[in-house]
Structures are given as structure tokens and as C-alpha cells.
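User: Please go through the model below with me, one point at a time.

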Amino acid sequence: MEISIEQDIFKNEAKLAEENRQLFSQKGLMVVNLLAAPGAGKTSLIKKTAHLLKVPTAVIEGDPASSIDTDTLNALGIPAYQINTEGGCHLEAAMISKALTEFQVEPNTLLFVENVGNLICTAFFPLGEELRVVMLSIAEGDDKPYKYPDIFREADAVVINKLDLKPHVDFRSDNFYKGLKAVNPKAHIFEVSCKNGAGIENWVNWLAVKAATFWAHQ
Amino acid sequence: MHEFALTEKILKIVLSEAEAHQARRVQKIRLLLGELSGVVSDSLAMYFNLIAKGTIAEGAVLEFNREKARLYCETCRMEYEKADRDFLCPVCGNLGRLTDIGRECIVQNIEVE
């Protein structure tokens, strides 16, 4: 006997993400899903942003193992909650809603979800975020939009980090911008250095406007 | 890479449908994978063999159907099939944008007894 099913796994995930979106809205949380390869500077960007942004910030950290980032953030007074995926390569919508049953976050907080460092799988699992931000460092090369189109496809913003390394690496900005335009013409682009602070202000200002707009519509 | 998580979800759907139909055994599972779905079928099959053990889906044959990715050219206002290495429109040469076609991971149907 043949049983017709016709269920798209990714559409099921999208449904769970939509439920999260409503949960975030009820809790007054503006959620930013931060995606990047390991070592691009996700935690550094969160630290810089939390310092400059004039709204409360909290973080859910996703890592295969350890609580290194969570410990660092908590020590700085930024509330952080660790999810260990035990080898899993991405966070999923259900993991976030579960984390929020334990992690108490004040209303009107900007909640960063620092996803597992990975340019592939994380792209396929929406969390219900208000903003999807993809980050890369110039040391990773300018060919990323061509090699990993999906990660950039639905990004609201792309943050290019480690500008301070420019004299030492061969990052062709024009090639990167061309590839990004093909997969996602609408993404805002920020060139920053978390090391020396260059460009951070532009990024923080943009995020502050997005946050204010989000809460104005709540 | 994320095939383990996907395989768990697929198995859950298959078992719940099979049990709802009082099936004794799942013989075949047909899946549709888009070219840009990010799903590696060999990896999925490997995980399936591991996690389906001891269930009524143990030993089921996985059949993979494929969907090529399609892009949309704003200039020519038409869809086209993505070439192997770029996103260019075959007519005007401009960059097209990705559509939803080619991103699927669908459990289409199952054969049970």
C-alpha cells in the first residue's frame, strides 16, 4: 500500500519558527540570529554591540560543546545562556523556545542568538528571528557568496569583520559585493573591525533603528 | 552535515504515518531533494540505517528524486534552470535571483505492508 505524505521538512521548520516569532513578540524580544563560520568574530561583535547599544542585550549561545562564550559574556554583565548541541551543527527553532522556558529575559531586550559556527546548516533552520545577520572575516576570502549562497540569501545584514587585516590578506571587495548582490540584493553591508572598533558605530546605529522600529510596532 | 537532524525528522513522520495506517513494515520511502537543499543523500541514507534499526522502517529502501534549482531573471522576466557554476541568465547574461524551487526536502510517500 502506498501512503501519500508530501511533507516538506523545511516547511515544518518554518512553521515552528513562526510559532517562535509569536513567542518573541509576546515576550517583547527582538531576536537577531547571528550566523558565521567559526572564528569570524561573532562573540566579539556581540560584546562591542552590547557595550554601545542603549538597550538591554541578552544572548543565547549555540556551540557543539563548552560554555566559553557564555562565561565570557556573563562575566561582562551580559546575560547569556548556553545551548550545547553535542556535536550538532546548527540551532533549531524548538531549541530556542525550550531555552526560553529556563532563560529569563526582561521584556524590551535585544536577544542575540549566536548560532553554531557554520556557513551551511544554519542557513536552513529559521529560528523565528526578526533579523538574520551573517558575518564573515576578510581572511575567509571574497568567494563566500558563490560557494555558500544559502547563508547569504535571507540575510538582512552582512557584517564584514577584521578590516584591520586588510594589508595582510587578498580580499577583493568588488568580487564579494558582486556575488552577494546576485544571491541577496537587499542585504545591508557593514565593514567593521571588532579589534579596533572601525565601522562598529554604523552597525550599532542601524541595529538601534531596527530595534526601535520593532518595539514601536509591538 | 545536518543530515542526522533531518533524518530524525523524516523517520518520525514516516513512523507516525505508517502507524496511523496500522502498517507492519515500511518497504520504501520516496524523498524529493532540491539541488540547493543542502541535503547529501548518502549521508541521509547512512543515518537512516542507523536510527531506523528496531523500528518498522528498518531495512526500508530510500528512493531519492531530484529537483534542479530555478532562478528568476528580472530583466527577461522569466525563470530558468541554474547552470552548474553560476547564477547567470542564459538569455541576457544578467544575474538572476534564487527562487524556492530547488530547496525542497520532501517526504513524498511511503510504501507499506
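User: Why does A:V59 count as buried?
Analyst: This is a predicted model, in which local features need pLDDT of at least 70, side-chain atom pairs count only at pLDDT 80 or more, and totals for chains, interfaces and linings use all residues. Residues are numbered from 1 along each chain as its sequence is written, and chains are lettered from A and ligands numbered from 1 in the order in which they are written. A residue is buried if 20 or more other C-beta atoms, placed from the backbone, lie within 10 Å of its own, exposed if 12 or fewer, and partly exposed in between. A:V59 counts as buried because its C-beta neighbours inside 10 Å number 27.

User: Which residues does A:V59 touch, not counting those up to four places away in sequence?
Analyst: A:V59 is found in strand β3 (residues 57-63) of chain A; strands are DSSP runs of E, at least two residues, and helices are runs of H or I, at least four, numbered from the N terminus. Contact requires C-beta atoms, placed from the backbone, within 7 Å. With residues up to four places away left out, A:V59 touches A:I46, A:L73, A:I78, A:A80, A:F112 and A:E114.

User: How many residues of strand β2 of chain A are buried?
Analyst: A:L29, A:V31, A:N33 and A:L35 point one way from β2(A), while A:M30, A:V32, A:L34 and A:A36 point the other way, and all are buried. The strand (residues 29-36) is therefore largely enclosed by the rest of the structure, the count of buried residues being eight of the eight.

User: In β6(A), what is the bridge partner of A:L34?
Analyst: Two strands pair if DSSP finds at least two bridges between them. β2(A) and strand β6 (residues 131-137) of chain A run parallel and are joined by five bridges. Within β6(A), A:L34 has as its bridge partner A:V133.

User: At roughly what angle do the axes of α2 and α8 of chain A cross?
Analyst: Axes are lines fitted to C-alpha atoms, for helices over the stretch in contact, and angles run from 0 to 180 degrees between N-to-C directions. A:K48, A:T49 and A:L52 in α2(A) meet A:I200, A:V204 and A:L207 in α8(A). The axes of α2 (residues 42-52) and α8 (residues 200-216) of chain A come within 10 Å and cross at roughly 65°.

User: Which element gives the most to the side of chain A that touches chain B?
Analyst: In the interface, 23 residues of chain A are in contact with 25 residues of chain B. With seven residues, the element that gives the most to that side of chain A is β1(A).

Conventions: Contact = placed C-beta atoms within 7 Å.
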